[in-house]
Amino acid sequence: MRMTSVRGWIALLAMLCLGGTAIAQDKPHWVASWASSQMVPTNENVAPAEDLTDATLRQIVRITLGGKRLRVRLSNAFGTAPLVVSAASVALSADNSSARIVPATLRPLTFGGAAMVTIPAGADYLSDPVDLPVTAGADLAISLHLPNPPDRQTGHPGARAHSHFAHGQQVMAEALTGAKTSTRWYAISGVEVDAPGARALVILGDSITDGYGVQPNTNARWPDRLAVRLRAHPATRDLAVLNAGIGGNRLRLDGTGPNALARFEREVLAPPGVTHLLVLEGINDLGTLTRDAPATPAQHAALVREMIGVLAQIVGRARARGIKVIGGTIMPDGASAYYHPDAANEADRAAVNAWIRKPGNFDAVIDFDAAMRDPADPTRLRKDLDSGDGLHPSIPGYQAMADAVPLGLFAAKARR
């Protein structure tokens, strides 16, 4: 009798253990698959209020990691009042550029089961999960209906992808009626996928990472090309690439967007599944010091000290979360007519790069400076990799940057 009882308890425990395993396997593993850095649009990047009044916005984004379901992150990060989204949807884009979607993939987005959401000022808001299997490299169309324009807009001017604006509630339409087109994103900051075992790399950078010079819908930024390389190899195909580039961004001071340290927690620590961070920042700090007037030796020394201080802060905060931090050396800009650097500026760049290269300051280093400089004049970009402004790489130059990244850096799966 006792033996039977023991066997019964063993059987019951086995069932419970198996059940627990099944539950663990069903637990979602959310990983950020696409992201954009948020800022306050200014000047020509501000969408006219009439375009955002009783308006449907359909915005195209390319995800870098697939999954069995997804959720969308909306943003009112820089709004000063709540933002109402009365309806939203997600679908596969029909052709990567127009306002048409693939009807069979169209799904409404809900928020706590409701079609409408009010996003508090200064906040992001996640949609409920949507059963829509997607593959890495898929183009998604995210549609939002705004009854009224934001009091202050939140967006990303450097989308380099088409967004479409039309009046009326059209989030479930196959194509938008009466749409106009823009190349900026508004009120969207991320797409997350349920992908067991996957992870993500954040690239924190400036206009070089944001893709200055890349034509809309071509996805030719260097992080785009790196994502293609990563998913071509079994050891790295589970790694998403999140582009956290902002044109004009600096380590120390705000520019067209918040400085790198100010946006670090929102863009590096907040997205789920981040295991790696690549930092490529500093050229704008170096250039703006003397762009309009010469600087004293003390000012040059302070700049270098403060840049290194911010980089050290970023490394320390990322490591505290178990994130592997990779430093990218600052590329040359000696031919830049915008910054017109002199010998003192070049000495500053060399000093910061020496700190980046020093073992222990980062967990690994990618020497973009060595990969992109002209052997005949190391203060300048290689001519065949230069866009022509002496500062930003050309499209082949962006590919060369992606090719300079050793994929072995990401083969071992660190966990957060």
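A residue counts as buried if its relative accessible area is under 20%, exposed if over 50%, and partly exposed in between (1.4 Å probe, protein chains only). Helices (H or I, at least four residues) and strands (E, at least two) are DSSP runs, numbered from the N terminus. With that in hand, take a look at helix 5: Ile283, Asn284, Asp285, Leu286, Gly287 and Thr290 are buried there. This helix spans residues 283-290 and is mostly covered, with 6 of its 8 residues buried. The cover over those buried residues includes helix 6 (297-320) and helix 7 (343-357), where contact means heavy atoms within 4.5 Å.

A quick word on where this comes from. The model is predicted, so local features need pLDDT of at least 70 and side-chain atom pairs count only at pLDDT 80 or more, while totals for chains, interfaces and linings use all residues. Residues are numbered from 1 along each chain as its sequence is written, and side-chain values use heavy atoms, leaving out hydrogens and water.

Now zoom out to the whole chain. Its secondary structure comes to 9 helices and 21 strands. The radius of gyration is 23 Å, close to the 22 Å that the globule rule gives for 416 residues, so the chain is as compact as a globular protein of that length. That radius is taken over C-alpha atoms, and the rule is 2.2 Å times the number of residues to the power 0.38. Buried residues make up 52% of the 416. Among contacts between residues at least 6 apart in sequence, 80% join residues at least 24 apart.

Back to the helices. Two packed helices are described by the angle between their axes and the distance between the axes. The axes are lines fitted to C-alpha atoms over the stretch in contact, with angles from 0 to 180 degrees between N-to-C directions. Here are two pairs:

| Helix pair | Axes come within | Crossing angle |
|---|---|---|
| helix 3 (residues 222-231) and helix 9 (residues 395-403) | 8 Å | roughly 45 degrees |
| helix 6 and helix 7 | 10 Å | roughly 25 degrees |

Angles under 35 degrees count as roughly parallel, over 145 as roughly antiparallel, 65 to 115 as roughly perpendicular and the rest as oblique. That makes helix 6 roughly parallel to helix 7. In this pair, His300, Leu303, Val304, Met307, Ile308, Leu311 and Ala312 of helix 6 meet Ala344, Asn345, Asp348, Ala351, Val352, Trp355 and Ile356 of helix 7. Sorted by class, this contact has 11 nonpolar, 2 polar and 1 charged residues. Here Ala, Val, Leu, Ile, Met, Phe, Trp, Tyr, Cys and Pro count as nonpolar, Asp, Glu, Lys and Arg as charged, and the others, Gly among them, as polar.

As for the other pair, Trp222, Arg225, Leu226 and Arg229 of helix 3 touch Tyr398, Gln399, Met401, Ala402 and Asp403 of helix 9. This contact divides into 5 nonpolar, 1 polar and 3 charged residues.

Finally, a few single residues. Ala240 sits in strand 16 (residues 239-245) and is buried, with a relative accessible area of 0%. Leaving aside residues up to four places away in sequence, Ala240 touches Ala32, Ser33, Thr64, Leu65, Arg199, Ala200 and Leu201.

Asn43 lies in the loop between strand 1 (30-35) and strand 2 (55-62). Its phi is near 55 degrees, a positive value in a residue other than glycine, and Asn43 is exposed at 65% relative accessible area. Asn96, in the loop between strand 5 (87-92) and strand 6 (107-108), has a positive phi too, near 75 degrees. Asn96 is buried, though, with a relative accessible area of 15%.
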